[in-house]
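Trainee: I am new to this structure. Could you walk me through it?

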Amino acid sequence: MAVFTRRRFLAGALALGMSRFPFPLIAEPADCRTRRGLVLLVDFPGGSHAVTEDFVTERFRKVSTYIREMSYGKACAEFDFTNWLLLPDPVSSYSISPANLKVDKSRLFRLVQDAIDAADDGYAFSGYDYVVIFMRASMQDYGMVGLCGYPGMLGWKSELLFRTTHRGQLVPNGVAIFTSSAHVGTLFHDIAHVWGGVVNGKRTVPCLYDHDLQERYPTRQTGFEHTLINMGYWDPMSCHLYKPNVAPPGISSWTKLRLGWIPREKIRDVDPSVPIEVMLGPLENGDSETLVIRIRLTASRYILVENRQPIGLFDSVLPMHGVLIMKADDDIAECRNGKAPVRLIDANPHVKTLLGAAFDLRGTSRYVDTESGLEIRLVEKVRNSYRIKISKA
């Protein structure tokens, strides 16, 4: 049995210092599904970037709080941390392009292999659900703020396996990689790729920004917001974050459904041929009787309707609030070539970056889907809930 020298915390069990967006301590629910991640703290020869263990553990404590709230207590994250592991080469030898489609996969593969080899003698990977590499390096040092090695940059095939060179330990399920510049929303974004996994050759939780546009606008400094053509700032799987110094926005109902976080009884499946009115509660409030409306159009295509209100830790930082209407197609795997597995219907297309996408009684309160002939109309607002009528136009 390997001897573990590490720091551990459960979701919400550790508070370190003050934050510009504080996350409170909340007891871990007794019935949550806990996934354990081993965080490899990676350093490089000649590195001068100062990152403390307290900084890292605080970051991941916030991720744990975020996951617990977004899942309504169904999912909990536990992280263990290695000591700082020195890799054989400077960070420049592992650095990659900030554009997804231009990443040198050989450098990425070598980073993962060198990191797991550095941890091989002291840590048992079999006790974990996945691995995280957290580098003592900035985005400017490495080239990208965060990414998912697998399932992601290195492919989505289940036969891709990483083993340590000395002891032959198998790395379980997936690998997420971050620099110290990574925002909490970025940490969640790439961990969610791992948690979702791959089904039938498709990522369950893909990126929701456009990969082809990201090649042209790879960073916030170069215009990353131009890539947010599908879900804007309404889901960190699209935007990572809304503003650098605030918490990430909550995730959309589409992503929650993909992760299995919405209780079945709180999903209202609607027959498009039968007129109906539904009272739709805020997505952020797990006590809502209905959290999402799903309207099936075909076997793979459907409409989702959700209600985003300024409540809780995360939806309070959204650009605006109201009802979001999305069209989804499960036959589309990734956001490429102008296509996406889910895309917002924009209530206010004159407002850039989908910032005005929400429908509301004081603005745009009606949507007619030309494909199906369905009308979705906001009838009234009762406190934070909306009465919504769905019928043929």
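**Pockets and a sheet**

Mentor: Helix H1 (53-70), helix H3 (139-142), strand E5 (146-150), helix H4 (184-196) and helix H5 (211-216) each give at least two residues to the lining of the largest pocket. Helices (H or I, at least four residues) and strands (E, at least two) are DSSP runs, numbered from the N terminus. This is a predicted model: local features need pLDDT of at least 70, side-chain atom pairs count only at pLDDT 80 or more, and totals for chains, interfaces and linings use all residues. Residues are numbered from 1 along each chain as its sequence is written, and side-chain values use heavy atoms, without hydrogens and water.

Trainee: Which element supplies the largest share of the lining of the largest pocket?

Mentor: A pocket is an open set of points on a 1 Å grid over the protein atoms alone, where a 1.4 Å probe fits, with protein on both sides within 12 Å along at least five of seven lines. Lining residues have an atom within 4 Å of a point. Here the largest share is five residues, and they come from H1.

Trainee: Which residues lie nearest the centre of the second largest pocket?

Mentor: The lining of this second largest pocket has 19 residues. Nearest its centre are Tyr150, Pro172, Asn173, Gly174 and Val194.

Trainee: Which strands stand at the edges of the open sheet of four strands?

Mentor: The order is E10-E17-E16-E15, with antiparallel pairing. Strands pair if DSSP finds at least two bridges between them. Each edge strand has a single partner strand, so one side is left without a neighbour in the sheet. They are E10 (276-280) and E15 (366-369).

Trainee: Which residue in E17 is the bridge partner of Leu378?

Mentor: Strands E16 (residues 374-382) and E17 (residues 385-392) pair in the antiparallel sense over eight bridges. In E17, Leu378 has as its bridge partner Ile388.
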